[in-house]
Amino acid sequence: MAIVPSPDWLNSGNNAWQLAAATFVGLQSIPGLTILYGGIVKKKWAINSAFMSIYAFASVLVVWILFDYNMAFGPKWLPFLGQPGPATGATFSLSQAVIPEAAGGMPPLTFPMATLIFFQFVFAAITVIILAGSVLGRMNFTAWMIFCPVWMTLVYTVGAFSIWGGGWLSVLGVQDFSGGYVIHLAAGTSGFVAAWVIGPRLQADRDHFPPNSLLITLAGAGILWLGWNGFNGGDPYFANADAGAAVLNTNTATAVALLVWTLMDKIAYGKPSVLGAVNGMIAGLVAITPGAGFVDGWGAIMIGVVAGIIPWLAMNKLQKTRFMMKVDDTLSVFSTHGVAGLCGGLMVGIVSNPLMLEYIGTEKDAPGVKVAGLLYGDTGSQLLLQLEGAAFIIVFNAIMTFIILKVIGLIVPLRMDDATLKVGDDAVHGETAYAIGTEGE
């Protein structure tokens, strides 16, 4: 029989790695952040917080395959946006993957469009789930149901196309290896604006909001950490040497950041905190993300140190000032994702080593795709580009998130009423996380 399993362009190893990496990233959301959120909040909000994560994952996938994928990675429609259109056809799904506006900057991809669509979906989904961490404990679930697909369509796609899809920031030379800007800075900015527009939790919850299960929180954090191997290791789009370096750098920076954050807690408060360690872990994961495949081991260590100090100061000092306390950012997403993502993005312009080749060049293209930072001979041009990219993401996300929420607020309340907020899950969903314990704790 003259039947073969796949076309000549498909490399089974690369396809297998991309599908595995995508699954790792999906595990970060389901169950990673689902149980992390369910454990880190007060008992009365465990179900609601976990459900916000699951709902976001499902709703994003539907709009992603209907039109958002092509808005983020399809043919150019505007300098910052691709052409809307479905990613559902049999021929399209089985054809060779390509990002048409960015294809000139990478080798031909060796897996099908279906793999690329799913891989990029799990990145998109976790972004809005991270954003949810800013508004846990008071956002109206009906408003959340509307917000997720709308924000994904009008906000996320613009950042993704601009930097990853071959849009204008990509043309300028802004670098974001795996989402420090597209995902984390975007989620941190939009989450902070959402927390401000929606309003705070009940004052009693702001004053006393103990985790209902630190062990469940740690289980979610562990899934998040190891799931990040797919996050950063999958972004070269090949199971190549740079993918291995990105995975190693990810874990190195995260370990350093966790240790530094724990030390900062010990110095400031006299006790090492496991919640602090989780925050340090997250900050390290976020900060290494924009440069995971561009830096060497020393760069990863430096990024880990920065991630353990600056986001710690943002959370423990800046966000506790009287002005910043006006905004109730439940899990301090502003610091652990927004500030950490910004730090990591700027560090790309400082510690990127041009010997770290994402793709190897041949003949006139040698040595290959690389990035150089200030410490390796760059004059500061890359750092300036990183600043420009960050400024766009911050301003665009802030403005659009504000507008989207204000419009949704004309349809349904953005915040639950105080009576519902006092009860929590049982009032919102008719369900509770545990059959024992004191109500509200």
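Let's start with the largest pocket, which holds about 880 Å³ of space. This is a predicted model, where local features need pLDDT of at least 70, side-chain atom pairs count only at pLDDT 80 or more, and totals for chains, interfaces and linings use all residues. Residues are numbered from 1 along each chain as its sequence is written, and side-chain values use heavy atoms, with hydrogens and water left out.

What do I mean by a pocket? On a 1 Å grid over the protein atoms alone, a pocket is an open set of points with protein on both sides within 12 Å along at least five of seven lines. A cavity is a set of points where a 1.4 Å probe fits but cannot get out. Lining residues have an atom within 4 Å of a point. Grid points are joined across faces, edges and corners, and a volume is the space filled by probe spheres set on the points.

Back to the largest pocket. Its lining has 36 residues. Nearest its centre lie Asn 279, Met 315, Thr 330, Leu 331 and Ser 332. Which helix gives the largest share of that lining? H11 does, with 5 residues. Several helices supply at least two residues each, among them H1 (12-40), H10 (241-269) and H13 (333-351). Helices here are DSSP runs of H or I with at least four residues, strands are runs of E with at least two, and numbering starts from the N terminus. By class, the lining splits into 18 nonpolar, 10 polar and 8 charged residues. Ala, Val, Leu, Ile, Met, Phe, Trp, Tyr, Cys and Pro count as nonpolar; Asp, Glu, Lys and Arg count as charged; the others, Gly among them, are polar.

Next, the second largest pocket. Its volume is about 550 Å³. It has 24 lining residues, with Gly 105, Ile 163, Ser 170, Gln 175 and Glu 358 nearest the centre. The classes are 12 nonpolar, 7 polar and 5 charged.

The largest cavity holds about 30 Å³. Its lining is Trp 151, Val 155, Tyr 156, Gly 159, Val 182, Ala 186, Ile 393 and Asn 397. H5 (141-163), H7 (180-198) and H14 (381-409) each supply at least two of the lining residues. H5 gives the most, with 4. Six of the lining residues are nonpolar, 2 are polar and none is charged.

Is Gly 191 buried or exposed? At 0% relative accessibility, it counts as buried (under 20% relative accessible area; exposed is over 50%, partly exposed in between; 1.4 Å probe, protein chains only). Beyond its neighbours within four places in sequence, Gly 191 is in contact (heavy atoms within 4.5 Å) with Leu 131, Ser 134 and Val 135. Gly 191 and Asn 397 are 206 residues apart in sequence, yet 9.4 Å apart in space, C-alpha to C-alpha.

Finally, the whole chain. It has 16 helices and 4 strands. Its C-alpha atoms fill a box of roughly 70 × 50 × 40 Å along the principal axes. Of the 441 residues, 57% are buried. Among contacts with a separation of 6 or more, 78% join residues 24 or more positions apart.
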